[in-house]
Structures are given as structure tokens and as C-alpha cells.
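I opened this entry to record what I looked up in the model. The notes follow in the order in which I made them.

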Amino acid sequence: MEMNIWLGQLTTITMIALALGFDAFSLGVGIGLKGIRYLHIMKLGIIIGLFHMIMPIGGMLMGKMMSVVLGEWASFAAGLLLIILGVHMVINSFKSEEAVLLNHRTFWGVLLLAFSVSVDSFSVGITLGMFHLPLWVTVLLFGCCGAIMAMLGLTVGKRVGHTLGEYGETLGGIILVVFGVYFIV
């Protein structure tokens, strides 16, 4: 029984980490379309992965405090937060306006880019903190998925086309909404 609970938590964390990684994938495709060297793909992916680890730590710590305050309403609040975040991602994926890309070749551009793709990890970290999920497993999965998805998006963008990035963010948002509904029900 204990093993089933652990596997269920691991599956949930992995799916959420992948959903958040789709945001990094989408942005990576857009940057990759403009041309990028493989060494820079590795550097950007690693930095985005680090931010995908740092941001949820703060969120999970805040979520643990909120679960004490919210008590039995914590599960509902956590699910609602995931739904809102997922709907926001889906809506943003359909906006047709051209996004202003940061200069990903400068130090501050890289940090701002990594921060902007990882903000969602903070919000989801709050939700997961309310459920007292294992911090280090969550953080490592978020970091690995964020880094891999960013590198994959940058590489795909370098080789393919624009439409994959839009679908990636939409899929990530849908996954978050599904888990939000699951947490509420």
C-alpha cells in the first residue's frame, strides 16, 4: 500500500513537471527559430533547469505554511490554483501577438528568460507544498524536466517550425487543469 502511494505521488509530480516544462519548450522553439548554437542550447537549458528547481522550493515552503492556515480547505485551494494556472497557460498559447524575445545571449537576458519560464513552478510549488509532497524529489524532477524540455524546444526550433511551441504550451495548460480538477474531486 505504501509503495502504491509513493508511485502515485511520483507519477503526479512527473506529469506536473512535464506540463511546466512545456512552457520552456514553447519558448525554446521560438528562440531556436532565430538560430542558436548547441553550446548555448546546453547553457540555457541548464540555467532554466536550475530556476525550475529554485522557484518551487519557495513555493512549496509557502504552500506548507498555507496548508496549516487553510486546514481542510487546502486541497480545494490547491486544485483551484492549478486550474487557474492551467487556464492561463492555455489562453496565452492562443494569443496571436508577437512576443518580445529577450536577448538570450546576455547574462541578464538569460536570467530574466529563465525566471519568466519558471514563475509557474513557484505557483505549482505552493500547491504541491499544501499536499506535503517530498521536496527534493519534486525539485529534482522539475529541474530535470525544465532543462530537458528547454533544450528539446531550442533544438526543435533550430530545426523545425513555429507551430509545435504553441501546441506544447496548450498541452501543458490542459494537464494542469486536469490535475487541478483531480485534486478538488
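I began with helices α1 and α5, which are roughly parallel to each other (angles under 35 degrees count as roughly parallel, over 145 as roughly antiparallel, 65 to 115 as roughly perpendicular and the rest as oblique). Helix α1 covers residues 2-33 and helix α5 residues 135-159; they pack at an angle of about 30°, and their axes lie 6 Å apart. I took axes as lines fitted to C-alpha atoms, for helices over the stretch in contact, with angles from 0 to 180 degrees between N-to-C directions.

The model is predicted, so I noted its terms: local features need pLDDT of at least 70, side-chain atom pairs count only at pLDDT 80 or more, and totals for chains, interfaces and linings use all residues. Residues are numbered from 1 along each chain as its sequence is written, and side-chain values use heavy atoms, with hydrogens and water left out.

Next I checked confidence. The protein averages a pLDDT (the predictor's confidence in each residue, from 0 to 100) of 78, and 84% of the residues score at least 70. Confidence is highest in α5, with a mean of 88, and lowest in helix α6 (residues 163-184), with a mean of 68.

I then listed the secondary structure: 6 helices and 0 strands. Helices (H or I, at least four residues) and strands (E, at least two) are DSSP runs, numbered from the N terminus. Of the 185 residues, 47% are buried (under 20% relative accessible area; exposed is over 50%, partly exposed in between, with a 1.4 Å probe and protein chains only). Among contacts (heavy atoms within 4.5 Å) between residues at least 6 apart in sequence, 94% join residues at least 24 apart.

How do α1 and α4 pack? I found an angle of about 170° and axes 10 Å apart. That makes α1 roughly antiparallel to α4. From α1 the contact uses Ile16, Leu20, Asp23, Ala24, Leu27 and Ile31, and from α4 it uses Leu113, Val117, Asp120, Ser121, Val124 and Leu128. By class, I recorded 9 nonpolar, 1 polar and 2 charged residues for α1 with α4.

His52 sits in helix α2 (residues 38-70). His52 is buried, at a relative accessible area of 0%.

Phe115 belongs to helix α4 (residues 107-130). From Phe115 to Ile54 I have 61 residues in sequence and 9.8 Å in space, C-alpha to C-alpha.

Thr170 lies in α6 and counts as buried at 11% relative accessibility. Phe22 is 148 residues from Thr170 in sequence and 8.4 Å away in space, C-alpha to C-alpha.

Definitions and conventions. Ala, Val, Leu, Ile, Met, Phe, Trp, Tyr, Cys and Pro count as nonpolar, Asp, Glu, Lys and Arg as charged, and the others, Gly among them, as polar.
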